[in-house]
Amino acid sequence: MFELRLMCPEDRVESLSDALDALDALSVSVEDADAQTDAEQALFGEPGMPAPKEGWQRSRVIALFDKEDVAREAAALLQAQDFFDTCQVLGINAVPDQDWVRLTQSQFAPVEITPEFWIVPTWHEPPAQAQQVIRLDPGLAFGTGTHPTTRMCLRWIATHAVPARVLDYGCGSGILAIGASKYGAQEVLAVDIDEAAVQSTELNAEANRVALVAGLPDKAVGVFGLVLANILATPLKVLAPLLCSHVEKGGQLVLAGILERQADELKAAYAPYGQLTFSDSEDGWILMTATI
Ligand SMILES: C[S@@+](CC[C@H](N)C(=O)[O-])C[C@H]1O[C@@H](n2cnc3c(N)ncnc32)[C@H](O)[C@@H]1O
């Protein structure tokens, strides 16, 4: 494989990517050319908030070709285009063959939740001390156990009495729903606004021999002894009345996706329903819980 590396300003990324596609590039990736420098720009925003910017000031565009002469021809053709005047060819180089599957797999090791409870990818054997295991591979949906917010929710599940009925609101991969089931829940409902997450949850539950129901949020009806929601502060505030309406009287609400500095806003949003309190923290993220 050969990669053609280019530099372009924000307003040319789309034309350049489209042209590379038309020139038979196998893939095109776009990176912040100023990443890891003082000029690096974050492009993400919280759900419900506009992204701070649509693109980076300077992008490095990398196109993969199967033959060197095709990459060279593409570079020559691009340089002849009007839109390319503010772009630049950085070079063409050979990409060494790699076992990409093995490389990706090597980045996902078993994750310890408690000494007895582990999240283990299918290409690993569970550690000897693991008594409770969720088998899970990284996929399209969030929730592999590598993020602190997921780990804190799972740790809560593993160290508290899990009631019979549990709702996982924003289930992603279904990891919390599966964890709740492994720790004693008998009826588990997992919902997400993303269809891909619903499908992942169903597949992961099946792979872990866990019975649960997954669906879009309108499937969430009734009350539960435990409602888990690992989303983000802004949607959690908007969802406060809805999430609390699904907690049975005296039941537990467990919220994650909250940064330390957002604790007070969350407490205020949930105050009409219960007293949210700090329960755990990891890497600047906190877990907040309430009895409703
Ligand atoms: C951070 S992931 C958490 C996934 C998993 N529960 C975990 O703990 O790892 C948040 C999930 O919430 C979903 N989500 C975001 N906003 C939502 C909403 N308003 N209603 C339902 N799900 C939502 C997202 O699609 C995403 O799958």
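How many bridges join β2 to strand β3? Select residues 58-65, which are β3, and you'll find six bridges linking this strand to β2, with the two running antiparallel. Strands here, like helices, are DSSP runs numbered from the N terminus (E, at least two residues, for strands; H or I, at least four, for helices). Two strands pair if DSSP finds at least two bridges between them.

Before you go on, remember that this is a predicted model: local features need pLDDT of at least 70, side-chain atom pairs count only at pLDDT 80 or more, and totals for chains, interfaces and linings use all residues. Residue numbers start from 1 along each chain as its sequence is written.

**Stop 1: the whole chain**

Zoom out. The protein chain has nine helices and 14 strands. Its C-alpha atoms fill a box of roughly 70 × 45 × 35 Å along the principal axes. Of its 292 residues, 35% are buried. A residue is buried if 20 or more other C-beta atoms (placed from the backbone) lie within 10 Å of its own, exposed if 12 or fewer do, and partly exposed in between.

**Stop 2: the four-stranded sheet**

Back to β2 and β3. They belong to an open sheet of four strands, in the order β2-β3-β1-β4, with antiparallel pairing. At the edges sit β2 (27-32) and β4 (88-94), each pairing on one side only. From one strand to the next, the twist averages 20 degrees. Now click Ser 27: opposite it in β3 stands Leu 64.

Next, select residues 68-79. That's helix α2, lying across β1 (2-9), β3 and β4, and running at about 175 degrees to β4. Such angles go from 0 to 180 degrees between N-to-C directions, with axes fitted to C-alpha atoms (for helices, over the stretch in contact).

**Stop 3: a hairpin**

Select 111-114 (β5) and 117-120 (β6): three bridges join these antiparallel strands. They make a hairpin with two residues between them. Pick Glu 112, and its bridge partner in β6 is Trp 118.

**Stop 4: two cores**

Here we look for nonpolar cores: sets of buried Ala, Val, Leu, Ile, Met, Phe, Trp, Tyr and Cys residues joined through C-beta atoms within 7 Å. The largest has 57 residues, and those with the most contacts inside it include Cys 153, Leu 176 and Leu 255. Strand β12 (247-259) gives the most to this core, with six residues. Apart from it lies another core of 16 residues, among them Leu 6, Leu 16, Ala 25 and Cys 87.

Center on Leu 176. Not counting residues up to four places away in sequence, it touches Cys 153, Leu 154, Ile 157, Asp 168, Cys 171, Leu 228 and Asn 230. Contact means that two C-beta atoms, placed from the backbone, lie within 7 Å.

**Stop 5: around the ligand**

Which residues come nearest to the ligand? Of the 22 around it, Gly 143, Thr 150, Gly 170, Gly 172 and Asn 230 do. Being near takes a C-beta atom, placed from the backbone, within 6 Å. Helices α4 (148-159) and α5 (175-182) each supply at least two residues of this shell.

**Last stop: Leu 276**

Find Leu 276 in the loop between α9 (263-270) and β13 (277-282). Why does Leu 276 count as buried? Because it has 23 C-beta neighbours inside 10 Å. Leaving aside neighbours within four places in sequence, Leu 276 is in contact with Leu 266, Lys 267, Tyr 270, Met 288 and Ala 290.
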